[in-house]
Amino acid sequence: MNPHRKLRRALVLTPLLGAGLGAGLSRPGPARAGTGNATLQVASFPDLDRAARAAGARWRERHPQIELKIVSRQYADHHLAMTTALATGSGLPDVMAIDLRFIGKFVASGGFVDLNEAPYEAGRLRDQFVRYAMRQGEGPRGTQLALPADIGPGTLLYRQDLLARAGLVEADLTRDWAAYLEAGRRLKASTGTYLMADAADLRDIALRQGLQDGEGLYFDAAGRVLVESERFARAFELGRSARQAGLDARAVAWSNDWAAGFKQGRIATQMMGAWLVGHLKNWLAPDTAGLWRSAPLPGGVQAAYGGSFYAIPKKAQHKAAAWDFIRLMSADREVQLDSLRVLDSFPALLSAQQDALMEEPLAFLGGQRARLMWRETAARVPAIPVSRFDALATDIVRDEFEKVLTRAKPIPQALRDARSLIERRARRRPGSPA
Amino acid sequence: MKPRRPDRRALAPYLFIAPFFLLFAVFGLFPLLFSIYLSLHQWNPAEGLHTMQWVGVENYLFALSDPWFHDSLYNTLWFALVAGVPQHLVALPLAFFIHQRVRRGRNLLVGAYFVPYITSSVAIALIFSTLYSRDYGLINAALAEATRIPFLGSPLAALQAAGLPDWLGDAEFTKPAVAFVIFWRFLGWNLVLYLSALQVIDKDLYEAATLDGAGSWQQFRHITLPLLKPMMFFAVTLTIIGSLQLFEEPFILVDLEKGVSQSVMTSAIFMYRLAFSDGDFGTASALSWILFFIIAALTWLNARLFGREAQGNQHAAR
């Protein structure tokens, strides 16, 4: 070990030892062999933790000697705690749940086992999963660092009753972007409702239009920044048109205004992952049951929103059991279907997508058999590689878009500035794409 | 000759004081020293300690030349002026008024002003999000109701027609909206500081001034203000430090996911984003030291402008 590394380790270990004195005893440690029985520790976040708990009985059936311990933290806390755990190599669980938003950063960390290697051989399972989700769990050089647990096929949820009042039909929303915005104008004029929650939602989905397999969202295969492309210019223009026409409620997703907008029926459509139906049904707007419908995204866009993954840290103590757990959660048809029943999380496993449950009419969507459509969407979503700089690029693009909306910054200049800032921030970092 | 055994009694004080030093070393000194070390390296924590790379002062140069840093510094200074200065301009005369005129229920009144300072950030976020919401907020509801009032109604009706303010969603309003919360939160703190300083000013001075025919304003101008200068120096120094470290209020009120969040991005928030969103802990550490030097420079400037005179007045008052 070189002296530099020794010093670094000492510097990091000192506070950890101290922290252990103060608080470590109450913190969940890594998986450990207890009194005869081993404990498999799974670090997760809501609502994915509920799916893991729901699978607890099956786990005990298969592994009566291995206790399953699910440590759940809030979404942001979980990913921050896992970042810290990866940095220090301390407090790592046996199985780590990762949200799509963090997958690029985490898989680039080099801190996870390659599931393509023996004894895991995830390559054999590859064809059992939705293609694009497996691609998202890939690391560099063809490694498979995470397995998908659930996916979020993109859909346009809309209020059928509001559309009817405005004399509109579903095709008026989905034909193309121009039709979608025109429908928004008519909706606003006749019902006073907003077409969408936030113009940024429109920008976000429109910039995925036309993406093909292997193309990155922000970076191409050679690591070049793509934000000055026609794709981004068009998406920015669409978002700006929506804002200028007053078609968005300016309510960012998951904010109070956003939730209130649904509850009070002031937002007529929302583009998001199919899993949003579960949130609308359970807490966002349960009183609007039966009024919503699901449609394909406008303009023929095939996109996915969100998704959850499981990975095994290299320093996990019970790797074999961890792999069994991941296979249970991701590759077991019944567990995948249970997650669909309990959480409305859409299965990543193709065989689960063939179940009769897919044909079940959804009461919240007025009896629509929407899962069949979502399955079709999932099959068409292009397999886009993730980059560890995706989150960084997302932040920068979002901020430049805001300047376009509020400070009338010309779009070409905003995109030029975004490119330059992404390059500036990403280029100097180790392992940068550019 | 027997080796001298350490005297247990002599060791006891060190033992008793050791927990503090141990905890300080771990939670105070170590992070400080490690952040200096980190500021000279590039490091993404998700990739482990072995990925640390020595880059010298590059992180400092990078942070100083980053456009977001310039924006964040501007926002920070804006808040320091717009939210910080009024705290003192209001707290000082208010403290004087309470000190001179309020006898019954004074503690209750001062307590009421002080409550925001000790209120949890989560409660503040909930309350002000509710007040500031564009479509469902109390402020906009009140504005909409006020359009019915004769005379006041017509200009407000014009405002309503143009769209009621989106306090936390429109860059034009976010800064003043957040600045008001900061003002509201720290007014009571400064009030308590000034009240405590007022209470030690000799009452004879006021009585003598009254006998000489000085009115309230003259007493405030020629007795209170000069004798409060040491406390003003202290309070302004705290405001400078607090303003340049401002994080909580803009962070909890304007969601980072909102594009508009950049309009209230302070240097401390930028530092947080660099570290926890971009994973660039090296530059974030460098930025923390740049901020430290800015705070030190401004505090020194404040001491130069205010401090000596304040010290002089303190001696004169004695």
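Author: Let us begin with the salt bridges, of which the count over all chains comes to 36, bearing in mind that this is a predicted model.

Reader: What makes the pair Asp338(A) and Arg58(A) a salt bridge?

Author: The closest N and O atoms of Asp338(A) and Arg58(A) are 2.8 Å apart, and the rule asks for a side-chain nitrogen of Lys or Arg within 4 Å of a carboxyl oxygen of Asp or Glu, so the pair qualifies.

Reader: Which parts of the chain does this pair link?

Author: The pair links distant parts, with Asp338(A) in helix 15 (residues 333-343) of chain A and Arg58(A) in helix 3 (residues 56-62) of chain A, 280 residues apart.

Reader: Why are helix 10 of chain A and helix 11 of chain A called roughly antiparallel?

Author: Helix 10 (residues 199-206) of chain A and helix 11 (residues 230-244) of chain A pack at an angle of about 160°, with their axes 8 Å apart. Angles over 145 degrees count as roughly antiparallel, and the two helices therefore receive that description. Helix 10 of chain A also passes helix 11 of chain A in a right-handed crossing.

Reader: Which classes of residue make up the contact of helix 10 of chain A with helix 11 of chain A?

Author: On the side of helix 10 of chain A the residues are Ala199(A), Leu202(A), Arg203(A) and Ala206(A), which meet residues of helix 11 of chain A including Phe236(A), Leu238(A) and Gly239(A). By class, this contact has seven nonpolar, one polar and three charged residues.

Reader: Where in chain A is confidence lowest, and where highest?

Author: Confidence is lowest in helix 1 (residues 3-22) of chain A, at a mean pLDDT of 40, and highest in strand 6 (residues 292-295) of chain A, at 98.

Definitions and conventions
Residues numbered from 1 in each chain as written. Chains lettered and ligands numbered in written order. Predicted model: local features only at pLDDT ≥ 70, side-chain atom pairs only at ≥ 80, totals over all residues. Heavy atoms only, no water. Axes fitted to C-alpha atoms, helices over the stretch in contact; angles between N-to-C directions. Helix = DSSP H or I, 4+ residues; strand = E, 2+ residues; numbered from the N terminus. Parallel < 35°, antiparallel > 145°, perpendicular 65-115°, else oblique. Left-handed = near helix turned anticlockwise from the far one by under 90°. Contact = heavy atoms within 4.5 Å. Nonpolar A, V, L, I, M, F, W, Y, C, P; charged D, E, K, R; others polar. pLDDT = per-residue confidence, 0-100.
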